[in-house]
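Try each task before you read its solution.

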Amino acid sequence: MLCNHELIPKKPRSSPPPETRTRRCVACGSKDIKPGRRYCSKECRQKLQWTLSLSKGLLQTLNTRYAAFSFTEHYVALDVMPTWSNEISRFVYERKSGYAPAHALKELILEAGKEWHRKRSRRISRSFSSQSILEEKTEKDINPDSIKPNTNKTPKLSADQKKALGHLNIPIDTLIFGDYVEELKKAFRQMAKIHHPDKGGDGERFKEIKSAHESMVEWTETPKFQSNSALPGCWSYNGYRNRWSPPLRQ
Ligand SMILES: [Zn+2]
């Protein structure tokens with residue numbers, strides 16, 4: 001699993017083209033995953049989630065604004081952008097002896113924590129210890145925008161409304177970006193031209209389209225949306241909410 005940005009400079013790997021991309025467990029990268037699932041097992045999900053919550057102590061100590069966690073076959077990486085800077089610091093840990101990403105991330109957190117305490121024990125203040133540890137890991141080549149999660153707005157639809165969109169042949173994006181009231185009228189007029197019994201269409205099919213139209217008109221009266229803050233290809237942390245989000249579905 002890779003973030004949009006290059007993960008480990010020493011071992012660059014590019015994402016395969018979408019047609020050859022295999023679905024992998026978002027916690028360990030295993031290909032052994034059932035269709036429609038995001039994790040290979042419940043235990044695998046729990047292990048990574050536990051380690052990600054463990055990381056929150058370190059992330060808060062480092063005054064993290066945004067962070068991203070990603071991994072390749074050989075490494076795990078934790079990218080951190082603190083509140084006081086626009087630069088990214090990258091913590092990397094090798095997946096020695098086939099460590100699962102969760103295991104390697106735990107070691108990475110413990111190592112960074114030890115380093116922080118070493119600095120503190122030299123009578124360096126808490127905030128300076130954090131600043132110093134981040135400065136040592138700064139990677140100027142990483143685009144700071146790659147770590148900022150996009151707020152992804154999607155329409156909240158019932159199962160019937162999702163089917164209705166299909167009957168009316170309306171792409172879901174129209175409900176996000178388009179003038180959906182106008183587009184809905186247009187789609188209904190077009191479908192009626194083809195399927196109205198007066199035009200030689202099938203009565204049953206037309207009934208379906210009419211009811212799909214009514215169902216979508218209902219949605220437009222009080223449209224509801226949901227938003228997810230997430231990154232494609234890697235786990236993202238938002239320091240304002242103190243929360244990790246799984247990768248966006250690609
Ligand atoms: Zn897994």
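**Exercise 1.** Which spacing do the donors of the zinc ion follow along the chain?

*Solution.* Before you start, note that this is a predicted model, where local features need pLDDT of at least 70, side-chain atom pairs count only at pLDDT 80 or more, and totals for chains, interfaces and linings use all residues. Residues are numbered from 1 along each chain as its sequence is written, and side-chain values use heavy atoms, with hydrogens and water left out.

Step 1: find the donors, meaning N, O and S atoms within 2.8 Å of the metal (3.2 Å for Na, K and Ca); water is not among the atoms, so sites may look incomplete. Here they are the SG atoms of Cys25, Cys28, Cys40 and Cys44, at 2.3 Å.
Step 2: read them along the chain, and you get C-x2-C-x11-C-x3-C.
Step 3: Helices (H or I, at least four residues) and strands (E, at least two) are DSSP runs, numbered from the N terminus.

**Exercise 2.** Are Cys25 and Cys44 buried or exposed?

Step 1: apply them. Cys25 has a relative accessible area of 1%, so Cys25 is buried. Cys44, at 14%, counts as buried too.

**Exercise 3.** Which residues have the most contacts inside the largest nonpolar core?

*Solution.* Step 1: know the term. A nonpolar core is a set of buried Ala, Val, Leu, Ile, Met, Phe, Trp, Tyr and Cys residues joined through side-chain atoms within 4.5 Å.
Step 1: look inside the largest one. It has 32 residues, and Leu48, Phe69, Leu78, Phe91, Trp235 and Trp244 have the most contacts.
Step 2: check who supplies it. The largest share, 7 residues, comes from α2.

**Exercise 4.** How are α6 and α7 oriented to each other?

*Solution.* Step 1: take the axes, which are lines fitted to C-alpha atoms, for helices over the stretch in contact, with angles running from 0 to 180 degrees between N-to-C directions. Those of α6 (residues 180–195) and α7 (residues 203–221) come within 10 Å and cross at roughly 175°.
Step 1: over 145 degrees counts as roughly antiparallel (under 35 is roughly parallel, 65 to 115 roughly perpendicular, the rest oblique). So α6 and α7 are roughly antiparallel.

Key. Buried < 20%, exposed > 50% of the residue type's maximum accessible area, 1.4 Å probe, protein only.
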